[in-house]
Every structure is written in structure tokens, then in C-alpha cells.
Amino acid sequence: MSTSDYDPACLPDLLPLYYRRLFPFSQYYRWLSYGGVSKNYFQNREYQSFTTQNELEKEMQKMVPYKIDIGAVYSHRPSQHNAVKSGTFQALEKELVFDIDMTDYDDVRRCCSAADICSKCWTLMTIAIRILDRALREDFGFHHLLWVYSGRRGVHCWVCDDAARKLSVAARSAVAEYLSLVKGGEETVRKVVLSDPIHPFINHSLSVVERYFQQYAIVDQDILGSKEIKFHNSLEGSSVSYDLHFSCVSVKSNSKKGGQYFDKEIMLQYCYPRLDVNVSKGVNHLLKSPFSVHPKTGRISVPIDLKELDTFDPFEVPTISLICEELEKPRAEEAEEDDMKDKENEQEAGERRRIRDYKRTSLAKYVKVFDRFLEAMARSRKGEMLKKSDLQKDF
Amino acid sequence: NRFSRRKKLIGSSQNDLYDHCLQFYGQPPLENISLTEFETFAVERLKLLKTVENLGVSCVKNSEQYTKKLDAEISRISEYEKRRKDHISHFILRLAYCQTEDLRRWFIQQEMDLFRYRFNDLHSKHKTDFLHKNNLKYETVSAEEKKSLQDKLIASSYGLSGTKVEEHDVPFQDALDLVRTRKVYLLAGNAYIPHHEIVTIVLNDFRTRLSKALAMTARSLPAVQSDERLQPLLSHLSHAYVGQDYSIQKNIGKISLEQIDALSGKSFPLCMRHLHKALRENHHLRHGGRMQYGLFLKGIGLSLEQALQFWRSEFVKGKVDADKFDKAYAYSVRHMFGKEGKRTDYTPYSCMKVILSNPPSQGDYHGCPFRHSDPELLKQKLQNYKVSPSGINQILELVKGMHYQLACQKYFELTHNVEDAGFSLNHPNQYFTESQKLLSGGRDIKKEVDMSQRSQENPASVTRPSQANSKQAHEEMGDLDSFFQDE
């Protein structure tokens with residue numbers, strides 16, 4: 001098992017090790033400086049500021065934050081124990097963010113509820129990522145999207161384009177609402193209502209849902225087997241079945257009540273991403289930082305590689321216990337040679353050791369995903385600066 | 001940047017100043033007017049905005065019925081006079097409505113609805129004139145581009161048929177209302193707007209300008225307020241709209257926590273009854289529900305200590321232990337009472353606010369049940385609360401016509417067993433106060449005043465603003481209140 005048993009009680013002991021030897025500071029610092037996150041770090045209602053990566057490292061290693069959140073100005077209440085503290089970065093201009101949480105799907109998943117997830121319902125996250133990623137790129141023209149596993153039951157998206165950071169609250173809420181199709185609370189049974197003409201965005205989203213629907217909804221969730229399909233009232237006099245040949249839901253309705261797009265509405269209600277509009281529009285909302293540790297599960301909030309999306313398994317994401325354990329493993333011979341070089345130059349040694357350290361653990365591949373993301377941002381920023389200097393005729 | 005817009009100062013000569021019936025209110029009026037004109041213009045515009053608001057609640061905006069009724073309100077004075085009054089009265093009301101977030105929001109909303117109605121009313125030639133006059137140019141999509149996008153454009157623009165109609169493309173940030181409702185095709189960050197939707201873009205522009213202007217006006221307000229002639233008038237103008245906002249707590253501590261269960265059945269409007277029940281059953285409410293219900297409770301007179309005890313005792317029965325409550329939730333209760341953070345004293349939500357903002361999603365219990373519940377579920381709930389079948393049908397009819405506040409009023413009438421509520425519902429705390437009054441036998445039942453008969457009647461019970469200014473201002477403004485008796 002790749003998780004290695006995680007015990008929350010061990011967290012205070014593991015965290016210092018994590019920040020000393022595993023946390024990818026150089027990439028993280030780079031990310032913070034691209035974004036408009038100010039160099040102010042809020043701890044117990046006091047400001048600490050840092051201007052270099054070294055300072056950031058020192059501060060975080062001193063504080064050993066229990067949780068790292070990005071976004072709002074206030075910090076969490078300091079806890080009694082020194083070992084468990086949380087810290088918050090203050091956002092100046094804030095990325096556009098999305099938070100998809102599995103509990104928002106409780107009314108349509110039968111396998112789990114609340115904080116639980118399993119491989120059957122994880123498909124919902126896959127679908128959500130595909131739909132939203134496409135829309136944010138193709139419809140809205142954004143390029144730099146970082147998808148991160150929250151560590152327990154959801155995913156977050158950070159849209160880091162300059163244009164995204166400059167969006168007003170009204171614009172963020174408009175984007176979030178454009179992307180929302182499932183509406184209604186406890187009191188609403190029919191949560192998706194479609195009418196003519198169907199917007200191209202909805203058609204794109206439907207084609208994603210259709211790819212996964214048979215395996216996810218019909219087989220894994222067995223929605224047609226459920227006597228509790230809440231559509232009963234709306235479906236009076238109709239029969240719902242699944243057409244294997246055309247891979248789609250088919251509704252035969254006798255009553256006039258049914259809309260003409262019932263079949264599509266059903267698929268969307270079961271599968272379409274449910275996002276919390278308030279998170280996306282709230283300039284004061286906190287979102288967990290990438291590479292923070294989830295205190296309940298011990299899992300690291302890792303970036304998700306969209307090229308491997310269909311094989312991403314949240315249960316394979318390394319926990320802090322696992323990677324700390326991997327650190328202890330006996331080292332190969334080449335490592336010992338490097339050790340001797342290190343003794344010559346202490347500072348570089350620290351850096352190199354840490355790079356070697358996380359590379360020896362399961363964290364490595366996730367840091368690579370983060371690297372690629374940062375490279376892309378760097379390239380586009382260079383491109384922008386060249387454009388600007390061309391305009392100013394600087395050579 | 002494909003989108004270009006330049007603004008020039010409009011010439012201020014008499015001829016040019018009012019040469020179009022519609023304007024963006026970019027330049028304040030420079031003339032001198034008498035105090036009487038100052039008052040009358042302001043009051044008339046306020047009356048108009050109030051009518052816009054009421055029509056927006058009782059009719060579907062921009063429907064034929066809506067337009068006809070609004071037509072009837074616009075009086076028949078000379079065009080020039082009309083335009084002059086329009087100009088001046090708008091700026092006067094800016095002074096009165098710039099001071100708080102709520103006032104600004106209301107003013108912007110009604111001015112936008114009014115502007116939209118008037119823009120749509122324009123002949124297409126006048127629309128183009130207006131756009132040119134205000135230097136609003138929107139890029140047109142080239143014919144080849146249009147051909148390649150044709151199917152997609154048709155699919156996203158409701159009712160758009162042929163290829164002859166002009167399309168414009170603008171960055172999506174300039175077309176937020178269309179984006180939000182997916183009424184427009186988006187590609188690479190650009191929105192493709194059919195010509196007939198241009199009003200939405202113009203409105204967006206209008207709203208942005210007005211919002212900025214109000215912020216600036218608020219900053220220069222102290223200078224205006226020091227003028228003794230104007231200060232009472234402006235103050236009265238803004239209170240006249242608001243009436244009771246239940247921000248000032250009366251009867252603090254008169255309600256005990258033990259009474260709440262019983263009160264929720266007798267005197268709470270349906271939304272609060274619903275929230276209370278969900279809280280009791282789940283021992284938890286999410287943020288939206290906590291705000292809506294928590295502020296309501298503050299409005300009925302719960303003290304901060306009572307509120308803390310109330311929420312803590314309920315949450316502790318659920319998954320939250322007392323320690324966690326004190327750390328996480330107590331802060332936000334104190335916040336509601338203005339004891340933390342910005343220390344703003346939050347006001348309980350009005351019906352408008354509940355109906356129009358923050359719709360509930362999965363796991364939420366807030367909102368207006370008449371607006372946000374499925375009719376079937378609403379019906380069941382009303383049956384459980386022993387409302388008669390004919391009463392339920394009346395309510396459902398009102399809901400179908402989107403008259404949510406009237407539906408709630410009908411619920412009041414049915415549960416209190418009266419023919420007429422005797423008041424025009426616009427606030428959950430008002431529902432509570434009226435209910436308590438009725439149940440303690442302290443009020444006469446009045447006939448509902450029809451909207452069309454408003455200024456003639458002068459019923460005995462008048463909602464006076466909670467902060468009276470000088471007596472003189474009261475007398476001068478005496479007739480302002482009667483403009484609002486259509487409620």
C-alpha cells in the first residue's frame with residue numbers, strides 16, 4: 001500500500017521534517033512571485049514579510065504551519081499547542097479559483113456520502129476537470145491552469161493568467177455562473193433545466209459526460225437500479241432506460257410534463273460539475289495551498305497532471321508519513337559522493353540535498369508537474385515582456 | 001486591443017444639452033434651481049424609481065405588460081422639460097443614495113432598469129444616434145469569421161436567425177450579464193454579441209459608470225451635508241425609500257430562547273420557519289442559512305448573548321464540539337452583531353435581497369421558498385403546515401406569476417386566518433412584527449390599497465422613518481410618504 005499508515009497524532013513530528021527537507025520551496029516561491037501574492041505571511045495576526053526564497057524558507061521552517069491557506073487577510077485563531085499553527089498568505093491580486101467538493105454531489109452518488117470518496121465516485125472529479133478545463137481555455141481564453149488535489153475529497157483549480165488575476169468580483173461571479181448548470185438546494189428535485197437552443201458550451205460538456213456516463217452512472221452507480229431516483233415526480237408516466245448502442249439515456253414519456261431534453265438533463269444532473277460560486281467570486285475566500293498537508297488524511301495537496309487524468313488515483317497520492325519514511329531509506333552510492341561535495345559548500349548543499357530528497361520520494365513526479373506549469377508561465381511572461389519592449393522599441 | 005471606445009465631452013450649449021432623450025449622466029447640471037424645484041424633482045424621480053421597483057417585482061421585466069405600465073407613469077410634459085428634470089433629479093438622488101452599500105445597490109438597480117426600458121423604447125435610429133453620440137463603437141465581426149462560426153452563433157443567440165444581422169465581438173469582461181446567463185457565444189475570451197443585445201453591453205457600461213460616480217459622490221458628501229437647507233431633505237429622501245430596515249434593535253431581550261420553537265410556527269415567514277426546522281433537525285446550517293436566519297433573529301430582538309447560546313446549543317448537538325464552536329462559529333455570530341472585524345452592524349435581509357441574491361444550492365436551506373423551491377415540494381410543505389387546498393392553489397398561482405412576496409403575504413393571511421394582511425410585505429422581520437401585532441390584538445385590519453389608487457388614500461397607519469429630522473422637514477416632506485402608500 002503506498003499510503004503508509006498515517007496517524008494525525010504524528011503530524012506535529014512529521015511537519016518539521018516536511019518543511020526542512022521535502023517542501024519544494026524554490027518552485028513555490030516562483031509561483032508566489034508570479035502571482036500577485038504579496039510577500040506578507042500572516043501568522044497569529046502578525047505580519048512576517050519575506051523578499052527572498054531563503055527568507056520564505058526560514059520563516060516557514062520556523063513556523064511549521066499546520067495549514068497553509070491562500071487568499072484572505074485574517075488568519076485562523078492560534079491554537080493552544082505550539083506545534084500546530086496555521087498561516088495565511090495575503091492576496092493582493094488574486095487568482096481565479098474553483099473548488100469542487102464531493103459532498104456537493106451527495107444527492108446523486110450512492111456509493112459514498114459526506115467526506116468519503118471511492119474510486120467509483122472519483123470519476124465525477126475527472127469529468128469536472130475535463131469540462132471546466134476545456135471551457136476555461138477555449139471559451140474564456142485562459143492558458144495557465146493549475147489543478148490540485150485537495151487532499152481529501154475534491155479538487156481545486158487555480159487560473160493564474162494575468163487577465164484572470166485582474167478580474168473584478170462581478171466578472172468572477174459571471175464566469176462561475178456561466179459554468180454552473182446544476183441549480184437548487186434541498187428543495188429542488190429537477191436541478192438541470194434545458195431549453196432551446198442549447199448553448200455550445202452545454203453541448204461540449206454533454207459530450208464529455210457521455211464518454212464517462214455508461215461506466216460511471218449505469219454500471220458503477222447503478223442509477224437505473226435505484227428505486228430512489230428522485231426524478232419520480234417529474235417522470236410520472238415516463239420510462240427511463242439506457243441505450244447501449246447510442247450510449248445515451250432514453251426517456252419515453254407519455255405525459256406532457258417532460259421537457260424535450262429530459263435525457264440530457266438527467267445525465268447532467270448526475271455528472272455535471274458542481275462548483276461553489278461563492279468561492280470563485282469571494283475575494284476574501286481561503287483556499288488550501290498546493291503542497292500543503294491535509295491534517296485529516298495526511299495527503300499532500302499535489303498538482304494533477306491532466307495528461308494522466310484518467311489514471312489519477314487519489315488513494316495513490318503520497319501521505320506525509322509515506323514520504324518521510326521514504327526519506328529514511330538507505331541511499332545509493334552516488335548519493336554518498338554527492339555528500340562529500342556538499343561538505344564543501346553548505347548552502348548549495350542544503351539546496352541540493354533537498355532536491356535530491358524529494359526526488360527520492362513519491363512526491364517527485366508531482367513536483368515535476370508543478371515545474372512544467374511554472375515553465376509555461378515563465379515562457380509566456382517572457383513573450384509578454386518581449387512584446388512590450390518591442391512596442392517601446394527597446395533593444 | 002480590438003475594442004476601442006473614446007469619450008468626448010458633450011458640448012454644453014443649451015441646444016446640445018438635451019438633444020437626446022436619453023443620457024449617461026456624465027456631466028452634472030450646472031444651472032441654479034430653487035429649493036422647491038430641488039425637492040419636487042427629487043421626489044418625482046424617487047416616485048418613478050419606486051414604481052420601477054414595484055413593477056419589476058410584479059411583472060416580468062420588459063414584458064408588454066411591464067412596458068405599458070411604465071409608459072403610463074411617464075408624464076406628459078414638454079420634451080425639453082422632461083429631459084432637464086431627468087438630468088437634475090438624477091443628480092439630486094445621487095446625493096441621497098450614495099452613502100451606504102444598500103442604498104447604492106438599490107439606486108443603481110432601479111436606474112438601470114429605467115435606463116434599459118428607455119433604451120429599448122428608442123427607435124433603432126435613435127439607438128444608433130445614442131451610441132454614436134456617446135462614442136460607443138463596438139467591433140463588428142467580419143463576414144468570413146461569421147460564416148465559420150455560424151452554427152455556434154445561432155445556437156447561442158436566442159432567436160437569431162439569418163446571417164444578415166450584425167454581430168459584434170467584445171472581451172467577455174464587457175458583457176458580463178450575457179456571459180452569466182450564457183446568452184452569448186464565447187471563444188478565446190471574446191463574446192459575440194448580436195446587434196439587438198447591444199443594450200446589455202450599454203447597460204454594463206452604465207452600471208460601471210454610475211457605481212464609480214456614487215463612490216465619488218459619497219466622498220464629497222460632507223460638504224453638501226453641511227448645507228442646512230439640504231441636509232434634512234437628503235436624509236429624509238433616503239429613509240423614505242428604506243422605511244424600516246430593522247437595523248436598530250428594538251425589544252432586545254424580550255424574546256426568550258424557549259419561545260422560538262413556538263414562534264417559528266406562528267409568526268415566522270416561511271423562509272425562516274424552514275431554516276429553523278432545518279437547524280433543529282440537522283444541528284447545523286451553512287453560511288448562507290446562518291446569515292439569513294441569524295440576522296433575522298437579531299432583528300426580532302435576540303441579544304448577542306442569546307444568539308451565541310442559541311447557536312452553540314444547537315451545533316453542539318451535532319458534530320461540532322463546544323470548543324470548535326467557540327473557535328469557528330462564535331466569531332461569525334459576533335460579526336453579525338458588529339462586534340468583530342469591520343464592526344459593521346449588518347442589517348437583516350429584506351425580501352428583495354433574499355429572493356434576488358445568493359440562490360441556494362445542494363445542502364442549503366436559505367433563500368425564499370416561494371422562489372427557490374420546486375412547486376411540488378412547496379405544496380407538500382404547505383400541506384404539512386395544514387394550509388387549506390384552496391389556499392395552496394392561490395399561493396401556487398402567485399408563485400407561477402413570480403409574485404413571491406404576494407405569495408408569502410397570502411401565506412400570512414391563511415395562517416393567521418385573516419382576509420387581508422393589511423400591509424405590503426417586503427421584509428421577513430416585518431412579517432414577524434405584523435404577526436405579533438395581530439396575535440396580541442393590537443391592530444385594526446385594513447383593506448389592501450390597490451396600486452392604482454395610491455396617492456388618493458391616506459390610511460391611518462403610516463410607516464414613518466425611524467430617524468425623524470427637523471419637524472419642518474417633516475412637514476415639507478409630508479406628502480412624500482403618501483407617494484409610498486401604494487404598499
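Helices here are DSSP runs of H or I with at least four residues, and strands are E runs of at least two, both numbered from the N terminus. This is a predicted model, where local features need pLDDT of at least 70, side-chain atom pairs count only at pLDDT 80 or more, and totals for chains, interfaces and linings use all residues. Residues are numbered from 1 along each chain as its sequence is written, chains are lettered from A and ligands numbered from 1 in the order in which they are written, and side-chain values use heavy atoms, with hydrogens and water left out.

**View 1. Chain A meets chain B.** Here 38 residues of chain A touch 37 residues of chain B, with contact meaning heavy atoms within 4.5 Å. Putting the two together buries about 3000 Å², 53% of it from carbon and sulfur atoms; that is the accessible area (1.4 Å probe) lost by both parts, summed.

**View 2. Polar pairs and the helices of chain A.** Between chains A and B there are twelve residue pairs in polar contact, both partners at pLDDT 80 or more. Such a contact is a pair of N or O atoms within 3.5 Å; within protein, one must be able to donate a hydrogen and the other to accept it, and residues adjacent in sequence count only if both atoms are side-chain atoms. The largest share, seven residues, comes from α6(A).

**View 3. A salt bridge across the interface.** The rule finds two salt bridges between chain A and chain B, where a side-chain nitrogen of Lys or Arg must sit within 4 Å of a carboxyl oxygen of Asp or Glu. One of them pairs B:R180 with A:E177, at 3.0 Å from N to O.

**View 4. Four annotated cysteines in chain B.** An unreviewed UniProt entry marks B:C271, B:C351, B:C368 and B:C408 as "binding site"; its annotations may be inferred rather than shown by experiment. They spread over 138 residues of sequence, yet cluster in space, with a largest C-alpha distance of 9.9 Å.

**View 5. Around B:C271.** This cysteine is part of helix α12 (residues 270-282) of chain B. B:C271 counts as buried because its relative accessibility is 10%; the cut-off is under 20%, with exposed over 50% and partly exposed in between (1.4 Å probe, protein chains only). Leaving out residues up to four places away in sequence, B:C271 touches B:Q292, B:G367 and B:P369.

**View 6. Around B:C351.** Helix α16 (residues 351-356) of chain B holds B:C351, which is buried at 11% relative accessibility. Beyond four places in sequence, the contacts of B:C351 include B:Q405, B:L425 and B:H427.
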